[in-house]
Amino acid sequence: DLLAPARLDLARRLHQASFVDSEGRPRDGLAARELRRRLALAEIEVLSLEDNLLAAAPECLTSLPRLRLLTLRCNALHTLAPEALLAVTGLTSLDLDFNRISDMPPELARCAGLRKLCLAHNRLQELPPAVLELTELQILLLSSNNLDVLPREVGVRLQRLRVLQVDGNNLYSLPAELGRLGRLALLDAADNHLPTLPPALAGCGLLRAVSVSGNPMACLPQGLMQLTRLEQLRAARTLL
């Protein structure tokens, strides 16, 4: 059990905290319980609070310095408070799907190690600028929002992207700069208003799956069909 040493260390700290203070004096019960709670929270790396009707991020986030994976999907969030984001800058995964989010504060950019960001099924009308600062992102889920433009900077700055989902928005075009995403393996642009795809996507040599279903698309770029790793092409309900 690779986690056994960590568990033993935490158990030892909790045990010690329940009996003596820093000077070796006995603790009263209430202080001991509070310290045990704080020490336990300080060790949490994964927190899931989905489906709780939360209208704001819980205050306990400020007590979770080691948090890496945070799930707040299926709540009633309109945004995340700056102080909440500043308390969890070590995150690698943030799931905010199925909320009411219309914007994200600049402090999101402080979560510089974020590799997965889920913002699907929200109320975004534009991509929050802070997202473009997250250069370690590998998975970006933006399905079912109200986006009418995907910024060209997505293809310029988010060079580590492997999965990009923008299906179910109001997009009439995709930026040619997406062709710079050399690691992109999955692109889902279904259910938009796209008449075609940018020919530059032929530059995504690792692309394995593309979905353009539900778009008024009459043709596909020739280069797309020449991608040697392409395994799935979904184009139902188009004009092809």
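This is a predicted model: local features need pLDDT of at least 70, side-chain atom pairs count only at pLDDT 80 or more; totals for chains, interfaces and linings use all residues.
## Overall architecture

The chain contains 4 helices and 9 strands. Read from the N terminus, the order of elements is α-α-β-β-α-β-β-β-α-β-β-β-β.

Of the 240 residues, 41% count as buried. The chain exposes about 12500 Å², and carbon and sulfur atoms supply 52% of that area. Among contacts with a separation of 6 or more, residues 24 or more positions apart account for 30%.

## Nonpolar core

In soluble globular proteins, nonpolar side chains tend to be buried together. Here the largest nonpolar core has 55 residues. Leu108, Leu117, Leu164 and Leu174 have the most contacts inside this core.

Beyond its neighbours within four places in sequence, Leu174 is in contact with Leu150, Val166, Leu187, Ala189, Leu194, Leu197 and Pro198.

## Ser211

Ser211 belongs to strand 8, which spans residues 209-211. Its relative accessible area is 12%, so Ser211 counts as buried, the cut-off being under 20%.

With neighbours within four places in sequence left aside, the contacts of Ser211 are Leu187, Asp188, Ala189, Ala190 and Arg234.

## Arg180

Arg180 sits in the loop between strand 6 (163-165) and strand 7 (186-188). Arg180 is classed as partly exposed because its relative accessible area, 47%, falls between the 20% and 50% limits.

Not counting residues up to four places away in sequence, Arg180 touches Arg152, Gly155, Val156 and Gln159. Leu158 is 22 residues from Arg180 along the chain, and the C-alpha atoms of the two are separated by 9.4 Å.

How values were computed: Residues are numbered from 1 along each chain as its sequence is written. Side-chain values use heavy atoms; hydrogens and water are left out. A nonpolar core is a set of buried Ala, Val, Leu, Ile, Met, Phe, Trp, Tyr and Cys residues joined through side-chain atoms within 4.5 Å. Buried means under 20% relative accessible area, exposed over 50%, partly exposed in between (1.4 Å probe, protein chains only). Contact means heavy atoms within 4.5 Å. Helices (H or I, at least four residues) and strands (E, at least two) are DSSP runs, numbered from the N terminus. Accessible areas come from the Shrake-Rupley method with a 1.4 Å probe; for residues, only the protein chains shown count as cover.
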